[in-house]
Amino acid sequence: MDLWAWLRLLRPTNSLPATGLVLLGAHLVGGWPWPRATWTAAGAMWAITSFGYVTNDLRDVAIDRVNKPDRPLPSGRIRCSAARAASVVLAALAVGLAGSIDALALLAACLALAALIGYNVRLKNTVLVGNALIALLSGAALGVGGYTMGQPWRLVWPGLLVTLFILAREVLKTIEDVEGDRRAGLRTIATAWGPRRAGGVFASLALGCVVISLAVRWMAEFSATYLIVVAVMDLGLVYSALLVARAPSPVNARVGLRISKVGYALGLIALLVA
């Protein structure tokens with residue numbers, strides 16, 4: 001088995017942070033120790049997120065042969081049949097873990113899985129609708145952690161910050177993939193509106209994220225340490241916004257995505273010390 005190929009397929013650098021958002025949400029409203037429900041919800045979130053990445057790659061094999069031919073499925077390092085089996089296991093794991101918490105958690109897990117299937121089958125081929133869905137699911141992960149502690153409403157502002165950040169990244173991805181998406185006939189914000197307008201939307205979202213990140217400091221009564229760490233994240237967002245707005249090429253979008261990965265980590269650290 002090609003372990004590295006499976007790691008690339010499951011995207012632990014993305015799925016584990018989503019899991020961390022659940023734990024972080026519990027930390028923000030209740031501190032430590034976390035109850036069993038929090039750990040179980042975190043496991044379910046990992047399974048749901050990994051399911052989304054695997055099914056997305058299965059759907060995009062033809063597109064990735066153009067955009068990213070080195071990925072596990074288009075390169076043939078993992079067979080599509082094996083990836084389909086993995087997606088079934090992940091979905092079953094998510095449902096089983098969520099069902100062990102309560103009926104509402106089970107319903108939420110089923111809706112999340114259905115939403116990801118809908119995204120891969122239909123909503124990905126839309127202007128912003130699919131992007132907004134992914135962003136909302138990411139922001140809701142914080143609320144899941146709060147729910148396991150009985151206080152999800154306290155995470156509205158931090159959840160909004162995460163949602164806006166992820167939405168900006170989603171728009172940036174469409175600029176990076178615009179050439180392959182056009183060949184495949186996909187309708188994204190970059191293919192429908194053009195990279196320049198998409199770059200303007202990304203810049204607006206990134207700058208909006210900066211404003212919200214600063215507002216959260218007072219709305220959620222976070223510490224001064226939060227403000228210091230999040231300011232570093234904001235500098236990266238501002239730089240990426242200026243870079244992409246000026247020249248919205250796939251290369252600059254790729255640079256912006258790399259910066260945003262670091263920024264995402266800094267944002268999580270900022271919330272952790274809040």
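User: Which residues does D57 touch, not counting residues up to four places away in sequence?

Analyst: This is a predicted model. In it, D57 is found in helix α3, which covers residues 36–59. Not counting residues up to four places away in sequence, its contacts are L9, R11, D64, R71 and L73.

User: Is D57 buried or exposed?

Analyst: A residue counts as buried when its relative accessible area is under 20%. The relative accessibility of D57 is 3%, so D57 is buried.

User: Where in the chain is R11, a residue that D57 touches?

Analyst: R11 has a positive phi of about 50 degrees although it is not a glycine. Most residues other than glycine have a negative phi. R11 is also buried, with a relative accessible area of 13%. Its place is the loop between α1 (3–10) and α2 (12–30).

User: What is the relative accessible area of L128?

Analyst: L128 is a residue other than glycine with a positive phi, near 75 degrees. It lies in the loop between α6 (103–121) and α7 (129–148). L128 is partly exposed, its relative accessible area being 26%.

User: How many helices and strands does the chain have?

Analyst: From the N terminus on, the elements run α-α-α-α-α-α-α-α-α-α-α-α-α. The count is therefore 13 helices and zero strands, and the chain is as compact as a globular protein of its length because its radius of gyration, 18 Å, is close to the 19 Å that the globule rule gives for 274 residues. To end on the count asked for, the chain has 13 helices and zero strands.

User: What does the C-alpha trace of the chain span along its principal axes?

Analyst: Residues 24 or more positions apart account for 72% of the contacts in the chain with a separation of 6 or more. Along the principal axes, the C-alpha trace spans about 50 × 45 × 30 Å.

User: Which residues does L142 touch, not counting residues up to four places away in sequence?

Analyst: L142 is one of the two residues, with Y226, that touch the most other members of the largest nonpolar core. Leaving out residues up to four places away in sequence, L142 touches L21, L24, G25, L28, L155, P158, G159, V162 and L271.

User: How far apart are the C-alpha atoms of Y264 and A140?

Analyst: Y264 is found in helix α13 (residues 250–272). It is buried, with a relative accessible area of 17%. Not counting residues up to four places away in sequence, Y264 touches P17, L21, F165 and I166. Y264 and A140 are 124 residues apart along the chain, and their C-alpha atoms are separated by 16 Å.

User: What share of the accessible surface belongs to carbon and sulfur atoms?

Analyst: Buried residues make up 52% of the 274 residues in the chain. The accessible surface comes to about 12,600 Å², and the part that belongs to carbon and sulfur atoms is 68%.

User: How far apart are the mean positions of the positive and negative charges?

Analyst: The chain has 25 positive and 13 negative charges. The mean positions of these two sets are separated by 3 Å.

Key: Residues are numbered from 1 along each chain as its sequence is written. This is a predicted model: local features need pLDDT of at least 70, side-chain atom pairs count only at pLDDT 80 or more; totals for chains, interfaces and linings use all residues. Side-chain values use heavy atoms; hydrogens and water are left out. A nonpolar core is a set of buried Ala, Val, Leu, Ile, Met, Phe, Trp, Tyr and Cys residues joined through side-chain atoms within 4.5 Å. Buried means under 20% relative accessible area, exposed over 50%, partly exposed in between (1.4 Å probe, protein chains only). Contact means heavy atoms within 4.5 Å. Helices (H or I, at least four residues) and strands (E, at least two) are DSSP runs, numbered from the N terminus. The radius of gyration is taken over C-alpha atoms; the globule rule is 2.2 Å times the number of residues to the power 0.38. Accessible areas come from the Shrake-Rupley method with a 1.4 Å probe; for residues, only the protein chains shown count as cover. Lys and Arg count as positive and Asp and Glu as negative; His and the chain ends are not counted. The place of a charge is taken as NZ of Lys, CZ of Arg, CG of Asp or CD of Glu.
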